[in-house]
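User: I would like a close look at one part of this model, and then at what surrounds it. Please keep it brisk.

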Amino acid sequence: MPFHKLTVSLESRSYPIHIGAGLTASKSAAQIVPRLRGQHGVVVTNTTIAPLYLDRVQKWLRAAGYESTAIILPDGEKYKSHETLLSLYQNMFRAGLQRNSFVCALGGGVIGDLSGYAAATYMRGVDLLHIPTTILAQVDSAIGGKNGVNLEAGKNFIGTTYQPRVVISDVDFIETLSEREILGGLGEVIKYGLLAGDDFISFLEMNKSEILARDPRCLATMIHFCSRIKADYVVRDEYDRLGVRAALNLGHTVGHALEKLFDYQKFTHGEAVAIGLVASLVLAHDMNLLTEVALERSLQLLRAFGLPMQIPEAADVDEMIALMRRDKKAENGLSMVLLKALGDPHLENDIDPVRLNRVLTKCKKSQLL
Ligand SMILES: NC(=O)c1ccc[n+]([C@@H]2O[C@H](COP(=O)([O-])OP(=O)(O)OC[C@H]3O[C@@H](n4cnc5c(N)ncnc54)[C@H](O)[C@@H]3O)[C@@H](O)[C@H]2O)c1
């Protein structure tokens with residue numbers, strides 16, 4: 001089974017990403033876990049993942065010479081909160097965590113974001129290891145250092161950028177994910193395809209059945225592709241201040257609006273992103289930026305993976321546009337990442353709201369999709 005390794009090159013904050021099947025079951029722990037400041041830490045996970053993988057990961061860490069105490073949080077986005085964070089700090093303190101201890105995040109994006117923020121702030125920062133267990137976390141949230149908790153006012157309002165020491169993406173974990181979580185992750189994967197262009201899109205087109213069947217070899221190659229793309233954006237704009245990393249927001253402006261419009265109940269993040277991708281593709285085509293051929297190829301990819309593509313009839317388009325104007329990342333009024341070609345994203349500012357309204361309304365009609 002092939003293993004992939006790449007480095008996120010950020011000078012003294014550089015770290016490796018390891019991708020492969022059976023990584024956390026292998027005897028190679030000592031080669032993969034970097035030299036940490038101390039021998040003891042915590043593994044933070046949730047009630048769903050603990051019975052599946054906690055024991056295995058703690059044993060594996062032990063094989064590398066690291067002892068850990070488990071902290072098991074409740075499962076769900078609503079626990080990405082200050083209340084959970086406070087109890088996490090208290091449990092870290094009770095476990096005897098010192099400045100030279102480590103935090104190992106074992107879970108999806110929720111656990112990763114919470115643990116990352118706790119690691120960044122506990123005693124002004126302790127070593128952080130990411131062991132992501134969802135596709136979304138392996139291709140996105142575990143890479144790049146963003147972390148945080150939600151506020152009543154909005155998602156991810158509080159947070160820092162704090163890089164881990166290592167990311168270990170074991171594709172064995174994907175086996176137990178629900179179909180819906182797989183699909184959500186694939187929404188983000190297709191986003192990377194559209195950002196990167198022909199090579200990765202062709203890979204996805206040719207390996208659709210294997211990916212959907214969770215073939216470990218294909219999953220590892222797919223996650224490696226995505227990790228490389230994400231790492232490249234992170235390296236060029238670590239703190240998201242240069243407008244480079246903003247391209248990763250493709251599909252997200254509409255996606256976030258949809259998630260919020262339906263109170264985070266109707267769509268997973270990745271499903272909303274998939275619909276957001278459709279809207280941004282149709283808009284780019286409507287503005288004569290993207291050719292018909294590129295539009296059709298992209299839509300076909302989303303269709304082939306069975307992702308949701310249609311804005312629900314019940315969605316109020318005016319309300320969606322109002323939410324998009326308030327998007328945390330929309331700095332200049334109505335802006336969205338659009339493609340000029342497959343693999344060529346750019347940030348379009350001052351989008352005409354009348355045109356956008358027409359495009360979003362069109363995206364409610366299934367026959368167009
Ligand atoms: N920091 C970033 O850069 C970044 C980027 C994207 C998303 N995010 C955040 O990530 C979060 C979403 O992450 P997610 O999609 O991984 O959701 P999640 O962490 O809620 O996980 C989804 C569900 O799958 C379960 N699960 C996880 N791994 C499993 C496994 N191997 N087998 C069975 N069940 C498993 C979880 O317990 C949960 O119920 C959001 O809070 C979002 O804001 C952060």
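In which sense, left-handed or right-handed, does H6 pass H11?

Analyst: The crossing of H6 and H11 is left-handed. Keep in mind that this is a predicted model. Helix H6 covers residues 179-196 and helix H11 covers residues 269-286. They pack at an angle of about 40 degrees, and their axes are 6 Å apart.

H6 brings Leu183, Gly184, Gly185, Leu186, Gly187, Glu188, Ile190, Lys191 and Leu194 to this contact. From H11 come His269, Gly270, Glu271, Val273, Ala274 and Leu277. Sorted by class, the contact of H6 with H11 holds 7 nonpolar, 5 polar and 3 charged residues.

Now the sheet. Its 7 strands run in the order E1-E2-E9-E6-E5-E3-E4. The sheet is open and its pairing is mixed. Strand E1 (4-8) and strand E4 (67-73) are the edges. Each has a single partner strand, so one side of each has no neighbour in the sheet. On average, neighbouring strands are turned by 20 degrees against each other, direction ignored.

One example is valine 43, whose bridge partner in E4 is alanine 70.

Helix H2 (residues 50-63) touches E3, E4, strand E5 (102-107) and strand E6 (127-132). The direction of H2 makes about 160 degrees with that of E4. Helix H9 (residues 216-236) touches E1, strand E2 (15-20) and strand E9 (166-170). The direction of H9 makes about 10 degrees with that of E1.

Technical notes. Residues are numbered from 1 along each chain as its sequence is written. This is a predicted model: local features need pLDDT of at least 70, side-chain atom pairs count only at pLDDT 80 or more; totals for chains, interfaces and linings use all residues. Two strands pair if DSSP finds at least two bridges between them. Helices (H or I, at least four residues) and strands (E, at least two) are DSSP runs, numbered from the N terminus. Axes are lines fitted to C-alpha atoms, for helices over the stretch in contact, and angles run from 0 to 180 degrees between N-to-C directions. Two residues are in contact if their C-beta atoms, placed from the backbone, lie within 7 Å. A crossing is left-handed if the near helix is turned anticlockwise from the far one by less than a right angle, and right-handed if clockwise. Ala, Val, Leu, Ile, Met, Phe, Trp, Tyr, Cys and Pro count as nonpolar, Asp, Glu, Lys and Arg as charged, and the others, Gly among them, as polar.
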